Amino acid sequence: MAKQISYTSQYRSKFDYPMFKVVMGERARIVLIEPNPTMELAHYVKGQGSFVCLGDYDKVMSTGADSSCPFCRVAERGQDSSVRPAGRRFVTHVLKYITKRNGDPILPITVETQIWRFGEDKFSQLISAAEMYDDLRKFDLSIECTDDTWSRYNIQAIGNKPAAYLSDKDTIERILTQFKSERIADLSVFLGRTVGEEEAQEIVDRVSGQAHRATATQEDIGLLADLTSPASADERPTSSPSTPVAGGLPFSLDDLLGS
Ligand SMILES: [Zn+2]
């Protein structure tokens, strides 16, 4: 049913949200405004996106897979595999400062609420920073891209002074009010689609079915070549024993079709 809405962030599409990313040659200044990131085990499925693993977290973490998950059952490592093994993905809100050329935040402090989705390598760097500075909401992070192809970042906490948004009471209130109005309650949608076992199996079948069809097509081409080649057509009667069709079928149609 149609309804009237407003041009406010509560109606912003989740997939339209600004995603945090640093490109080569850029140095971003951010603050992790949430104490805890959201984490999920997910499979990347070629051409389909990411899907939440249906397996048990502890089992997947200790053995790499859980056979109760249709994705885990067919997952293989490597760039070419259709279904990748379950991996941890993380997502959190960040406040990204608008900065001057030298990296200092402009005044008055201005931020954009963005969503940062990342993998193990960045999570590990953030653990190191958090272990050193305890609460990462109180310190800004300086993030530089060191490899554009793989989006590798060098993450450093600016630990010698409090986060820029904490400069005075008014700024704190203004920035936190902005964040509260712009934040997304449930970030898990950014980590992968959640599907039931049946749908997961269908996706797996579809993806692996495509692979099988591709193989079958090559075989068909080979078969076609055999059939159209006079030499092999001549050989066929001698190479395969003739099937006794006359006098009845060598199999029961009822068995094949089911009664
Ligand atoms: Zn799985």
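Tutor: The model is predicted. Helices, of at least four residues, and strands, of at least two, are DSSP runs numbered from the N terminus. With the elements named in this way, the place of P108 is the loop between β4 and β5.

Student: What is the geometry of the peptide bond from L107 to P108?

Tutor: The bond from L107 to P108 is cis, with omega near -5°.

Student: What makes β1 and β6 a pair of strands?

Tutor: Two strands pair if DSSP finds at least two bridges between them. Strand β1 (residues 27-32) and strand β6 (residues 140-147) have four bridges and run antiparallel, so they meet the criterion. A28 stands opposite I143 in β6.

Student: Which residue of β7 is the bridge partner of I143?

Tutor: That partner is I155. Seven bridges join β6 to strand β7 (residues 152-158), again in the antiparallel sense. These two strands form a hairpin with four residues between them.

Student: Where does D134 lie, and what class of exposure does D134 have?

Tutor: D134 is in the loop between α3 and β6. Because D134 has 10 C-beta neighbours inside 10 Å, D134 counts as exposed.

Student: What span is expected of α3, and what span does α3 reach?

Tutor: The expected span is 1.5 Å times one less than the number of residues. Helix α3 (residues 120-133) has 14 residues; the expected value is 20 Å, and the distance from its first C-alpha to its last is also given as 20 Å.

Student: What places E144 in contact with other parts of the chain?

Tutor: Two residues are in contact if their C-beta atoms lie within 7 Å. Leaving aside residues up to four places away in sequence, E144 touches V22, R27, Y153 and N154. E144 lies in strand β6 and is partly exposed, with 16 other C-beta atoms within 10 Å. The C-alpha atoms of E144 and I155, eleven residues apart along the chain, are separated by 6.7 Å.

Student: What makes a group of residues a nonpolar core, and which members touch the most others here?

Tutor: A nonpolar core is a set of buried residues of listed types, including Ala, Val, Leu and Ile, joined through C-beta atoms within 7 Å. The largest such core has 42 residues, and I30, V31, C53, F71, V94 and L95 touch the most other members. Among the elements that give two or more residues to this core are β1, β4 (87-97) and α5 (197-228). I30 touches residues including F20, V94, L95 and I143, not counting those up to four places away in sequence.

Student: How do β2 and β3 join, and how many residues lie between them?

Tutor: Four bridges join β2 to β3, which run antiparallel, so the two strands pair under the limit of at least two bridges. They form a hairpin with three residues between them, and G47 in the turn has a positive phi of about 75°. Y44 stands opposite S50 in β3. β2 also pairs with β4 in the antiparallel sense, over five bridges, where A42 stands opposite G87.

Student: Where is confidence lowest, and where is it highest?

Tutor: Confidence is lowest in helix α6 (residues 230-239), at a mean pLDDT of 37, and highest in β4, at 97. Over residues 214-254 pLDDT stays under 50, and the model has six contacts for them beyond four places in sequence. Where pLDDT is low, the predicted coordinates should not be read in detail. The chain averages a pLDDT of 82, and 78% of the residues score at least 70.

Notes
Residues are numbered from 1 along each chain as its sequence is written. This is a predicted model: local features need pLDDT of at least 70, side-chain atom pairs count only at pLDDT 80 or more; totals for chains, interfaces and linings use all residues. A residue is buried if 20 or more other C-beta atoms lie within 10 Å of its own, exposed if 12 or fewer, and partly exposed in between; C-beta atoms are placed from the backbone. pLDDT is the predictor's confidence in each residue, from 0 to 100.
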